[in-house]
Amino acid sequence: MRQLPRQTDPNVLVGFETCDDAGVYLIDENTALVQTVDFFTPIVDDPRTFGEIAAANSLSDIYAMGGRPLSALSIVGFPDKGDPEILAQILQGGLAKMMEAECTVIGGHSVRNEDVLFGYAVTGVISPKGIWKNVGARTGDETLFTKALGTGVISTALKNEKAPEAAVSSAIRSMSTLNRAAAEALHEIEAQAKFQNAIHAVTDVTGFGLLGHAREMALGNLEKGVAPVSFEIDHAKFTYLPGALQAAKDGHLLGVLKNNREFAGDCVVFSSSVPQEYRDLLFDPQTSGGLLISIAAEAVPPALAALERHGVTANRVGSVIEKRTPLLHVS
C-alpha cells in the first residue's frame, strides 16, 4: 500500500496510511461514513456458527473506530460442487448476527471458489469529532483489553482434532460476541464532560495478534507526528481462553502466528520470566478479538465500571510510556 500514490481528497479523515481498522469519509460537519471489509475461510466446523463469527469479525472494525454499523454487503466464495445447504446455513448465521447488530444486509457478491470464503463489507456512521483511531496513545495512559486471548491456537487445535469441547465452546462464544457493548460502554464514558477526551486510541485485535496491533499503535504515532510512545505490557493481566495455554504448549501454532513473530518480534522485548506459551499467545492471531484501548489513567476506574455494567470483561493490561527501543516491553 505504501507504493501507491497519495490521494488528496480532503474528505478522507482516515485512510490506509496508518493501517487503521477502517476508513472514514466525511459527509458533512456532523456525519462521516466508516467503512471496512473482511472475509476468511472457515475456522469452525458448524456452517451457521462460521457465518456468525465472520459477521461479528466484520462488524468489529466499525465498533473499534467508534462508529455505528448501518448496512453490509456479503462476500462469498463457494465451491462449484459444494452443498447449497451449507452455504444457506453460513448466510443464515451471518444474517442473524447482523440483525443482532441492527445492521441491514442489502446485497453482496459471490464467486465460485475452491475454498469457502465468507465475510462482509460494512458501512457505518460516525461523528467526525468522535473517531477512535489506532494512533494517539499518550504517555501516562493505561491500556485496557476486552475479551480473552487464544482463539488462534484453539482453532488450530480443533483442526488437529486436539481441542477439548470446553475450549472450543469458549472460543466460539468469544468470537461470536459483538464488540458493540464494549463500544457503548466507552461512549458512555466519553459522554461525561470530565472524560470527554480521555480515550486516546482504540484498535481491535485480530490477525496481527495483540503485540502486532500494539506495534501498529506505537508506530502510528511516529507517522502521524504524535508524541512517540512505547507500551509496557503485563502478560499475567490478560484473560486467556480455557485450553489456550495448553494448546500453545502443545504447539498448535498457526503459520500466521509465526509470521506475526517475525513481523513484530524486533519491536518486542520479553522479561526472562515470561513463559514461552504466553509469548506465543501474545502473537496469536485472533478472530473477532477484543478492543485494545489507550485511555487516560484517571478514566480507567469509571471505564472498567462501565464495561462491567455492559457485561464486558476487561482487564488493565499495561501502560503507555515515553518511547524506548524496542517499542514494546512485556513482563
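Is Ser-155 buried or exposed? The first point takes this up, and the others move on to the sheets and the remaining helices. Please keep in mind throughout that this is a predicted model.

1. Ser-155. This residue belongs to helix α3. Its relative accessibility is 10%, and Ser-155 therefore counts as buried, the cut-off being under 20%. If neighbours within four places in sequence are left aside, Ser-155 is in contact with Ile-43 and Met-175.

2. Helices α3 and α4. Helix α3 covers residues 151–159 and helix α4 residues 165–175; the two pack at an angle of about 130°, and their axes are 10 Å apart. α3 and α4 are therefore oblique to each other. Their crossing is left-handed. On the α3 side the contact involves Thr-151, Ile-154, Ser-155 and Leu-158, which meet Ala-167, Val-168, Ala-171 and Met-175 of α4. Sorted by class, this contact of α3 with α4 has six nonpolar and two polar residues, and no charged ones.

3. Helices α1 and α2. Here the angle is about 40° and the axes lie 7 Å apart, with α1 spanning residues 47–65 and α2 residues 84–100. α1 passes α2 in a right-handed crossing. From α1, the contact residues are Pro-47, Arg-48, Phe-50, Gly-51, Glu-52, Ala-55, Ala-56 and Leu-59; from α2 they are Ile-86, Gln-89, Ile-90, Gln-92, Gly-93, Gly-94, Ala-96, Lys-97 and Met-98. By class, the contact of α1 with α2 has nine nonpolar, five polar and three charged residues.

4. The six-stranded sheet. Six strands form an open sheet in the order β1-β2-β3-β6-β4-β5, and the pairing is mixed. At the edges stand β1 (12–14) and β5 (104–112); each has a single partner strand, so one side of each is left without a neighbour in the sheet. On average, neighbouring strands of this sheet are turned by 25° against each other, direction ignored.

5. Pairings within that sheet. Strands of a sheet pair through backbone hydrogen bonds, either parallel or antiparallel. Strand β6 (residues 117–126) pairs with strand β3 (residues 31–40) in the antiparallel sense, over nine bridges. In this pairing Leu-33 stands opposite Val-125 of β6. β6 also pairs with β4 in the antiparallel sense, again over nine bridges, and here Ala-72 is opposite Val-122 of β6. β4 and β5 run parallel and are joined by eight bridges. Phe-78 has Arg-112 of β5 as its bridge partner.

6. Helix α2 against the sheet. Which strands does α2 lie across? They are β4 (68–78), β5 and β6, and α2 runs at about 20° to β6.

7. Ile-126. This residue is found in strand β6. Ile-126 is buried, with a relative accessible area of 4%. Not counting residues up to four places away in sequence, Ile-126 touches Val-24, Asn-30, Thr-31, Ala-32, Val-34, Met-65, Gly-66, Gly-67 and Ile-131. Asp-80 is 46 residues from Ile-126 along the chain, and the C-alpha atoms of these two residues are separated by 39 Å.

8. Strand β9 and its partners. Strand β9 (residues 229–233) is mostly covered, with four of its five residues buried. β9 and strand β12 (residues 314–322) run antiparallel and are joined by five bridges; the bridge partner of Phe-231 in β12 is Val-320. With strand β13 (residues 328–330), β9 pairs in the parallel sense over three bridges, and Ile-233 stands opposite Val-330 of β13.

9. Helix α9. How many of the eight residues of α9 are buried? Six are, so that the helix (residues 276–283) is mostly covered under the cut-off of 20% relative accessible area. The buried residues are Glu-277, Tyr-278, Asp-280, Leu-281, Leu-282 and Phe-283.

Note on methods. Residues are numbered from 1 along each chain as its sequence is written. This is a predicted model: local features need pLDDT of at least 70, side-chain atom pairs count only at pLDDT 80 or more; totals for chains, interfaces and linings use all residues. Side-chain values use heavy atoms; hydrogens and water are left out. Axes are lines fitted to C-alpha atoms, for helices over the stretch in contact, and angles run from 0 to 180 degrees between N-to-C directions. A crossing is left-handed if the near helix is turned anticlockwise from the far one by less than a right angle, and right-handed if clockwise. Contact means heavy atoms within 4.5 Å. Ala, Val, Leu, Ile, Met, Phe, Trp, Tyr, Cys and Pro count as nonpolar, Asp, Glu, Lys and Arg as charged, and the others, Gly among them, as polar. Two strands pair if DSSP finds at least two bridges between them. Buried means under 20% relative accessible area, exposed over 50%, partly exposed in between (1.4 Å probe, protein chains only). Angles under 35 degrees count as roughly parallel, over 145 as roughly antiparallel, 65 to 115 as roughly perpendicular and the rest as oblique.
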